[in-house]
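Student: I'd like to learn how to read salt bridges in a structure. Could you walk me through it?

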Amino acid sequence: MVKAAYEIREMDANDLKRVMEIDAAVYQTPWSQKVYEQELGNNPHAYYAVIVVNGHVAGYAGAWIVMDDAQITNIVIAPEFRGQKLGSHLFEHMLQMAIYKGAQRLSLEVRVSNVIAQSMYRKFGLVPGGIRKNYYKDNQEDAVVMWVNLL
């Protein structure tokens, strides 16, 4: 497999059509375009990035960074781009951005069944901190809360 050349940059409104396509391919209940527009335009605590491969948005991630705490809201790689370590590169970018913006802790929720993502997060030092029962609305699956100190 040829390693993909990629760039990571801040998400903008021009990316939303592709973000919505990725969401539709991945989620049973995707966010609406209006939610993303609100996040990009009206949430001073939000930071969203896209990972671009050969001119195509291959995935995206978002976080809310409030004072000392960063919360990953989502991180998604389009199915056709998986298996190329793009999720790791994107997550590392989000960690670096959280530190740059002054966060001292980072947390996220991940499906109990998503052991691949949990394994990736552990490589970055995240540890399980608890369970949120029935967290995911599409199937009432529990979420593992994972976190890491960034200092």
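Student: Which residue forms a salt bridge with E21, with the closest N and O atoms 3.7 Å apart?

Tutor: A salt bridge is a side-chain nitrogen of Lys or Arg within 4 Å of a carboxyl oxygen of Asp or Glu. Here E21 pairs with K17. Please keep in mind that this is a predicted model, where local features need pLDDT of at least 70, side-chain atom pairs count only at pLDDT 80 or more, and totals for chains, interfaces and linings use all residues. Residues are numbered from 1 along each chain as its sequence is written, and side-chain values use heavy atoms, leaving out hydrogens and water.

Student: Why are E21 and K17 separated by about one helical turn?

Tutor: Helices are DSSP runs of H or I with at least four residues, strands are runs of E with at least two, and both are numbered from the N terminus. E21 and K17 are about one turn apart because they sit four residues apart in helix α1 (residues 16–26). E21 also has a salt bridge with R18, at 3.5 Å from N to O. K17, R18, E21 and E80 are linked in a network of salt bridges.

Student: Is E141 buried or exposed?

Tutor: Buried means under 20% relative accessible area, exposed over 50%, and partly exposed in between (1.4 Å probe, protein chains only). E141 has 15% relative accessibility, so it counts as buried. Its salt-bridge partner is R111, at 3.1 Å from N to O. That pair links distant parts of the chain, 30 residues apart: R111 is in strand β5, and E141 is in the loop between β6 and β7.

Student: How many salt bridges does a search of the whole structure find?

Tutor: Nine.
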